[in-house]
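Let's walk through this one together, starting with one chain and ending where two chains meet. Keep the viewer open as you read.

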Amino acid sequence: MADAAAAGAQRRSPALGLALLAPSAAMLAVFAIALGALFQFSLLEFIPGSLRTGGLTDRNFRGVLAPLYLRYIWDTVVLSALTTAFTLAASYPVAYALARTPSARVRSLLLVLTLAPFFTGAIVRTYAWMLVLGNSFVRWPVKLLFEPEGVLVGLVHFSMPTMILILAAAISHIDPGYERAAASLGARPWRVFWRVTLPLSTPGIVSGSLVVFAWTFSAFPTPELLGGGRVKMIANVVKDLALDSFNWPGSAAFAVVALAVTLGLLVLMGRLLGRGAA
Amino acid sequence: MIGRLVVLALVLFMTLPTLVVVVASFNPTAILSFPPQGLSLRWYENALTYPQFRRAALNSLIVTAASAALALPIGTAAALALVRYPVRLRGLWNTALLSPLVVPGVAAGLGLLILAARLGLLANRVVLIVAHVVLVLPFVIRSVMVSVANLDPMLERAAASLGARPWRVFRRVTLPLLRPGLFAALLFAVIVSANEFVVSLFVSTRVTEILPVAMFTYVVNYTDPTMAALSTLFVAATFAAVFLADRLLHLSRVFQIEGHR
């Protein structure tokens, strides 16, 4: 695409290019200002019973480290790590099939099945898991709904489409010639996979894991509904403080922490991978 | 063989919950049971007549239509600029324009809520629409960029060499050639906006809330299968839309998954 487009680009005016970008930039600016307001509030004092704020303070961030909340943050970290591991294991086979199937029809079907839940919307998907994890369809030997285990299942399900797409992109960029070469030298299929395909797909594994971890870290609807108030992650604390206690400054501090962790991980990913994949 | 079974099992894990919702939506009683004791459409009737769902559906219609109508031209312009024009700092623009996707919903939602309060726009639908435009733009830009990149500039040059003015070339050659990409972008915009939940929860009230927010409130308060019926309608619509998008734009190209022979 680059050559043809670049040839065309030579004769086009940079000023018109900027003009075309201006409306998008304006929307981004609103978004940036909103995030700026969030930062500002995280440093302002909360006046109970009022939406007005007092002077500068670090109390909101000290609140994040209070024992009660620290537990939620720890739960958030553990659930995110477990979600990443399980999602990776569950997504790899599907991604491999998606990238390597010789049939365009199968690929299309797998892709639509992968993407459909991606677009089904958080509420419908989470509600579906409430039905499955509740005891009306299946009698589960252990209680799953409103427990961390149930939240974990929901989070893995939620992350799989993203992971599958990233892994499939990475696997599809591996030249099958390497695999054929290994096979022709006598390696069994498993050994080819283990020694050739898997190592070559590392960029996809790394970027998929970082994206899923970052995304799960600030997950909201899944822990909100499947956790039933008993399991809380950082985003649920943000919502409780902001929409139930009207403590916007306190809530903003948690939101800033979630934002910082998420963006930090994604920047790290960018550094690790240069400007590759996904 | 084992590999195929594993893939099948995993795909089943991904789709099973949706199937459960569909089955539950036809359950005749408020308490779910399996296998179902019969078939009933009463929950569909309930879902379609529940006043808060009707109000929320209307809000969804307004917000999604407005944000798609705004995001499509705005995003198309940006996509053209990024692929076709000598824009400086192109990489930075690309990253910045996709960045709303990676900001946690609760952070964006609370930030927009605070900003709305500052501007005296609490409970105003404008905030909701702007939020949706921002969240939908990355999808629009990405889809249109794929289309623009696949467009042969020779066709436009041919039109120009035959004497067509730039605006005429754009209207008669460029836009028609971009039509599949634009349509896919529109579909993405509608799907993403119609399903947006977290940010909308923060910047809407009981009066302006859109369907996913109303559904959330319903699930928290009631357990009957009304939600299953509404979800089934939602899923059916989304499935049709994704299928259509794949037909039009071959999704594997958008997500850079290439087939090898």
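What percentage of the 278 residues of chain A count as buried? The figure is 46%. Bear in mind that this is a predicted model, so everything here is computed from predicted coordinates.

Staying with chain A, you'll find 13 helices and two strands. As for how the chain contacts itself, take the contacts between residues at least 6 apart in sequence: 72% of them join residues at least 24 apart.

How far can you trust the picture? For the model as a whole, the scores are ipTM 0.86 and pTM 0.87. Chain A averages a pLDDT of 88, with 94% of the residues scoring at least 70. Chain B also averages 88, and there 95% of the residues score at least 70.

Now for the place where the chains meet. The contact takes 80 residues from chain A and 77 residues from chain B. On the chain B side, the largest share comes from helix α1 (residues 2–25) of chain B, which supplies twelve residues. Sort that side of chain B by class and you get 57 nonpolar, 14 polar and six charged residues.

So which way does α1(B) run against α6(A), roughly parallel or roughly perpendicular? Helix α6 of chain A covers residues 122–133, and it packs against α1(B) at an angle of about 75 degrees, with the axes 8 Å apart. Angles of 65 to 115 degrees count as roughly perpendicular, and α6(A) and α1(B) are therefore roughly perpendicular to each other.

If you want to pick out the residues, α6(A) contributes A:R125, A:Y127, A:A128, A:W129, A:L131 and A:V132. From α1(B) come B:P17, B:T18, B:V20, B:V21 and B:A24. By class, this contact between the two helices has nine nonpolar residues, one polar and one charged.

Technical notes:
Residues numbered from 1 in each chain as written. Chains lettered and ligands numbered in written order. Predicted model: local features only at pLDDT ≥ 70, side-chain atom pairs only at ≥ 80, totals over all residues. Contact = placed C-beta atoms within 7 Å. Helix = DSSP H or I, 4+ residues; strand = E, 2+ residues; numbered from the N terminus. Nonpolar A, V, L, I, M, F, W, Y, C, P; charged D, E, K, R; others polar. Axes fitted to C-alpha atoms, helices over the stretch in contact; angles between N-to-C directions. Parallel < 35°, antiparallel > 145°, perpendicular 65-115°, else oblique. pLDDT = per-residue confidence, 0-100. Buried ≥ 20, exposed ≤ 12 C-beta atoms within 10 Å, placed from the backbone.
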